[in-house]
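Hi there,

Here is the structure I promised to pass on to you. Please open it beside this email and follow along as you read.

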Amino acid sequence: MNLLQEAVSYLNDPFNWSRPNGILDLGAQHLRISLIAVLAAMAIGIPVGALLGHVGRGGGFTVALSNISRAVPTLALLTVFAVTPIGFGPTATTIALALFALPPVLTNTYVGFRGVDRDVVEAARAMGMGERQVLVRAELPLAVPLLMTGVRTAAVQVVATATLAALVAGGGLGRIITLGFRQQDYGAVLAGAILVAALAVLTELLLSALSWAVTPGPRRLPLGRVRTRRPEAAEVAAAA
Amino acid sequence: MLSAGGTVLAADAAPNPWFDPSYVSDNWDTILSYLGEHVRLTVAAVVLGALIALPLALVARRNRWLAAPVLALSTLVYTIPSLAMFAFVAPVTGLSATTVLVGLVLYSLVILVRNFLAGLQSVPPDVQEAARGMGYGPGRLFWQVELPLALPSFMAGIRVATVSTVALVTVGVIVGHGGLGQLITGGFNANFYRAQIVTGALGCVLLALVADLLLAGAERALTPWARRARS
């Protein structure tokens, strides 16, 4: 348990938090990169997924996309963007992470819009709604739970994966872990691991609360529910 | 460099192709040994994960109150970033392949428990009742009735676990046992040698696709009745 004490003392040292490239610096960088990546993925994935789901086309495409994306190692994508003319740094990391966040957002949005009861759409049309109104006022509220599942999966995945940027000279909290390994300082490694894991779990909890808050109708907490469907349809692996 | 004066120096123009067949043929033995490590880690992680996940799923099904905590715990484990997972394990097992294996088993275990449980829960109670009525004991009930019915869900879980494990092995570079991931970071550290990076990355993707195809074939072979019903 000596190691745990080392990790705790690392975390208790205010200098480790406030110094340049300390926990606060790296944490802010980590969150900034993650936020931009998720927002970019949402900006592309939600409209495309909504349109595909609305017209009911492209199901095979989205499922194939999410299946293939699972086979591509995150490390490979992070590295490949770092050796393009973009160069290694926050930009390359952000692009790679946005690409990784896209499949869960796209797939879940598609499944959410596709799964809207056709009768509801018919009723909305019969009430005189135009195509856009049907999309935004009838289908969107019903698709929100799955859409938010996609965003949550993507966000947790991105926050977790941003750690790997440190392996290819990127920033973020992963740097504490890689530096610790390089210096054989396992106390720092453990401290970094605790920080990164806590951040990922916090993201999950925060977004679960958010998706609960924006879901209309009878509310169910998304945690701890027994899911009986196969995972590949709606939920894409969140491991980094 | 100093005398460049706007012209491109030979050193700057050194070719750095995205893919180079001669790199693959020159380093075939190295690539094969990393590939071997990658395959060994993946197979071991999925097999061990399945061996642990099956009893867990069986227990969680029998005691309904256990199902929610098991699933919540698996969500929690799944949320932990892989680099952090290896960092948690590394102080105990050191810079060895065991560190990578323990982390990978935990991830595959988490995927498999969910799918195994979903598969077992999808067996219709009527079928279980009928089998019990025909005198099936718990062992025979599992092997001859429940397992075949839950097999599609089991295989779906094993396929997802295998494909994500192949991708996850690469993170093992942090302790020097990342299989083909070693090529990716190796190329990155060797002055951004693209051919090496792309070879490692392509190798991972191809390995994942081949593994998925093999498992899909195994699923077809194991469930001949599903094929007959479809055609």
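Below is what was found in it, starting with the two chains and ending with a few single residues.

Please keep in mind that this is a predicted model.

**The two chains**

Chain A contains 11 helices and 0 strands. Of its 240 residues, 49% count as buried. If you take the contacts in chain A with a separation of 6 or more, 74% of them join residues 24 or more positions apart.

Chain B is built from 10 helices and 0 strands. Its radius of gyration is 23 Å, well over the 17 Å that the globule rule gives for 231 residues, so chain B is more spread out than a compact globule. You can also see this in the C-alpha trace, which spans about 90 × 45 × 30 Å along its principal axes. Buried residues make up 42% of the 231 residues in chain B. Among the contacts in chain B with a separation of 6 or more, 71% are between residues 24 or more positions apart.

**Where the chains meet**

How many residues of chain B are in contact with chain A? There are 47 of them, and they touch 44 residues of chain A. On the chain B side, at least two residues each come from helix 3 (64-79), helix 4 (82-93), helix 5 (97-121), helix 7 (138-169), helix 8 (181-189) and helix 9 (194-222). Sorted by kind, the residues on this side of chain B are 34 nonpolar, 11 polar and 2 charged.

**A look at helix 4 of chain B**

Helix 4 of chain B has 12 residues, and the distance from its first C-alpha to its last is 16 Å, close to the 16 Å expected at 1.5 Å a residue. Its buried residues are B:Ser82, B:Leu83, B:Ala84, B:Met85, B:Phe86, B:Ala87, B:Val89 and B:Ala90. What do they pack against? Their partners are helix 9 (174-182) and helix 10 (186-214) of chain A, together with helix 5 and helix 7 of chain B. After helix 4 of chain B comes B:Gly94, with a positive phi near 75°.

**The nonpolar core**

The largest nonpolar core holds 130 residues, and those with the most contacts inside it are A:Ala101, A:Val158 and B:Phe86. B:Phe86 is also one of the buried residues of helix 4 of chain B. Helix 5 of chain B gives the most to this core, with 15 residues. As for A:Ala101, leaving aside neighbours within four places in sequence, its contacts are A:Ala37, A:Val38, A:Ala41, A:Ala154, A:Gln157 and A:Val158.

**Two residues with a positive phi**

Which residue has a positive phi of about 60° although it is not a glycine? That is A:Asn21. You will find A:Asn21 in the loop between helix 2 (14-18) and helix 3 (23-55) of chain A. A:Asn21 has 12 other C-beta atoms within 10 Å, so it counts as exposed.

A:Gln184 is another residue other than glycine with a positive phi, near 55°. A:Gln184 sits in the loop between helix 9 and helix 10 of chain A. Is A:Gln184 buried or exposed? It is exposed, because 9 other C-beta atoms lie within 10 Å, and the cut-off for exposed is 12 or fewer.

Enjoy exploring it!

Best wishes

Conventions
Residues are numbered from 1 along each chain as its sequence is written. Chains are lettered from A and ligands numbered from 1 in the order in which they are written. This is a predicted model: local features need pLDDT of at least 70, side-chain atom pairs count only at pLDDT 80 or more; totals for chains, interfaces and linings use all residues. Two residues are in contact if their C-beta atoms, placed from the backbone, lie within 7 Å. Helices (H or I, at least four residues) and strands (E, at least two) are DSSP runs, numbered from the N terminus. Ala, Val, Leu, Ile, Met, Phe, Trp, Tyr, Cys and Pro count as nonpolar, Asp, Glu, Lys and Arg as charged, and the others, Gly among them, as polar. The expected span of a helix is 1.5 Å times one less than its number of residues. A residue is buried if 20 or more other C-beta atoms lie within 10 Å of its own, exposed if 12 or fewer, and partly exposed in between; C-beta atoms are placed from the backbone. The radius of gyration is taken over C-alpha atoms; the globule rule is 2.2 Å times the number of residues to the power 0.38. A nonpolar core is a set of buried Ala, Val, Leu, Ile, Met, Phe, Trp, Tyr and Cys residues joined through C-beta atoms within 7 Å.
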